[in-house]
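Have a look at it first, then read on.

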Amino acid sequence: MIVPFLDLKRMHKAQKEKLSFAFGKVLDEGLFSGGAAVTEFQGELESWLEVKHAIGLGNGTDALELALKALGIGVGDEVIVPALTWVSTAEVVKLVGAEPIFADTDENGLISRNWTGLCTEKTRAIIPVHLYGKMVPMEALVQEAKKRNLYVVEDAAQSFGAVQNGKASGTWGDIGALSFYPTKNLAALGEAGACVTNDSKLMGLISLLSNHGQPKRDDHELAGRNARIDSLQASFLSAQLSFFSEFQVRRKELAEAYLEALKDIQELTLPEDILSKDHNAHLFVIKTKRRNELMKYLEGEGIGTAIHYPKILPDLEPFKSEGSFAVARKITETCLSLPLNPYLSDKEIEYVTDCIRRFFTKK
Ligand SMILES: Cc1ncc(COP(=O)(O)O)c(C=O)c1O
């Protein structure tokens with residue numbers, strides 16, 4: 001049996017029909033930038049997340065960068081970020097001219113509570129990342145940040161749909177950055193992202209920055225750029241949103257099946273929090289000292305896996321930073337993401353777990 005990590009060709013028939021309809025609608029309207037598709041999708045995001053403003057953007061990296069720009073973060077400023085995350089989180093700090101200051105993570109890969117010890121008089125913001133779809137405890141983080149007069153930019157690129165204490169991921173900080181990259185739980189058929197905020201002034205700034213600083217055509221209030229969402233992607237995303245809840249149920253079912261089948265393997269650490277509301281089951285990440293061996297074995301059995309991520313950012317050339325980052329580093333050496341997406345069958349999950357059990361019982 002072949003079990004791909006994620007095969008986007010498997011989209012359901014109903015989904016394909018709705019997506020074709022969304023494509024046809026935009027084609028008929030002949031409006032490929034801005035227009036009703038974008039306004040509608042932004043409105044849907046706002047009600048879905050119970051947030052005042054959502055601004056569709058070109059991708060999640062743009063969303064993070066524009067968030068920092070809107071908050072006035074730049075040269076001479078420091079921004080605290082976790083050592084383990086997708087590169088965008090630290091990259092955007094550099095792009096606005098500020099310095100990323102790396103904090104170690106906890107065992108789940110979430111920014112360590114000790115980040116407060118990294119604050120200096122230059123610190124202006126913190127970017128918590130809801131890694132693998134699991135939310136950082138936000139109540140405490142926002143409180144600590146407020147005490148220190150720091151902005152919170154939530155990197156909710158992986159956590160769309162996760163909710164903590166009744167509040168959606170992305171809506172806890174001053175600004176939330178979302179990504180709709182095709183592998184995400186809410187996926188575009190290309191590149192797309194969004195910023196969400198309850199602050200009307202920030203929303204106005206992000207909106208200007210994403211559209212050449214224009215409040216209206218040929219009137220430029222500030223130097224911005226083009227970071228607008230594509231109308232077609234907005235239209236696809238509205239269609240995808242209609243399947244989202246159903247897909248989340250399926251993700252959780254599959255995650256539960258993994259947990260049940262793998263629970264007795266001593267050499268494995270499982271993501272137990274994955275069934276809670278503040279985890280959107282984006283990735284099913286197991287940990288084992290025999291990670292490389294297991295990955296190779298599964299590949300030989302036709303099973304696709306991935307490593308999120310093989311390196312911590314402070315070890316990478318553009319971000320070189322001193323420090324041990326021992327917990328995050330250990331995750332890079334032991335983590336393995338198993339296939340988890342709504343297109344998988346029960347039989348496929350059974351096959352994956354049978355193979356894993358066989359691996360750990362063979363000599
Ligand atoms: C944690 C994290 N931050 C930021 C991003 C950037 O999003 P995008 O790929 O849409 O630019 C991603 C997605 O890849 C991500 O996983």
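1. Ground rules. This is a predicted model, in which local features need pLDDT of at least 70, side-chain atom pairs count only at pLDDT 80 or more, and totals for chains, interfaces and linings use all residues. Residues are numbered from 1 along each chain as its sequence is written, and side-chain values use heavy atoms, with hydrogens and water left out.

2. Domains. The chain is split into domain 1 (8-239) and domain 2 (244-361), with bounds taken from an automatic or database domain assignment. Their C-alpha centres are 25 Å apart. Domain 1 puts 39 residues into the contact and domain 2 puts in 36 (contact means heavy atoms within 4.5 Å).

3. The largest pocket. Its volume is about 560 Å³. Of its 30 lining residues, Trp86, Tyr181, Thr183, Lys184 and Tyr309 are the closest to the centre. A pocket here is an open set of points on a 1 Å grid over the protein atoms alone, where a 1.4 Å probe fits, with protein on both sides within 12 Å along at least five of seven lines; lining residues have an atom within 4 Å of a point. Volume is the space filled by probe spheres set on the points, which are joined across faces, edges and corners.

4. Who lines it? Domain 1 and domain 2 each give at least three residues to the lining of the largest pocket. Helix 3 (60-70) supplies the largest share, three residues, and helix 4 (88-95) gives at least two. Helices (H or I, at least four residues) and strands (E, at least two) are DSSP runs, numbered from the N terminus. By type, the lining has 14 nonpolar, twelve polar and four charged residues. Ala, Val, Leu, Ile, Met, Phe, Trp, Tyr, Cys and Pro count as nonpolar, Asp, Glu, Lys and Arg as charged, and the others, Gly among them, as polar.

5. The second largest pocket. This one is about 310 Å³ and has 17 lining residues, with Val142, Lys146, Trp172, Gly173 and Asp174 nearest its centre. Helix 5 (138-147) and strand 5 (151-155) each give two or more residues, and helix 5 contributes the most, six. Seven of the lining residues are nonpolar, five polar and five charged.

6. Helix 10. Its 16 residues (346-361) should span 22 Å at 1.5 Å a residue, and the end C-alpha atoms are 22 Å apart, so the two agree. The expected span is 1.5 Å times one less than the number of residues. Among its buried residues are Tyr351, Cys355 and Phe359 (buried means under 20% relative accessible area, with a 1.4 Å probe and protein chains only). The buried residues of helix 10 pack against helix 7 (231-262), helix 8 (291-300) and strand 11 (335-338).

How values were computed:
Buried means under 20% relative accessible area, exposed over 50%, partly exposed in between (1.4 Å probe, protein chains only).
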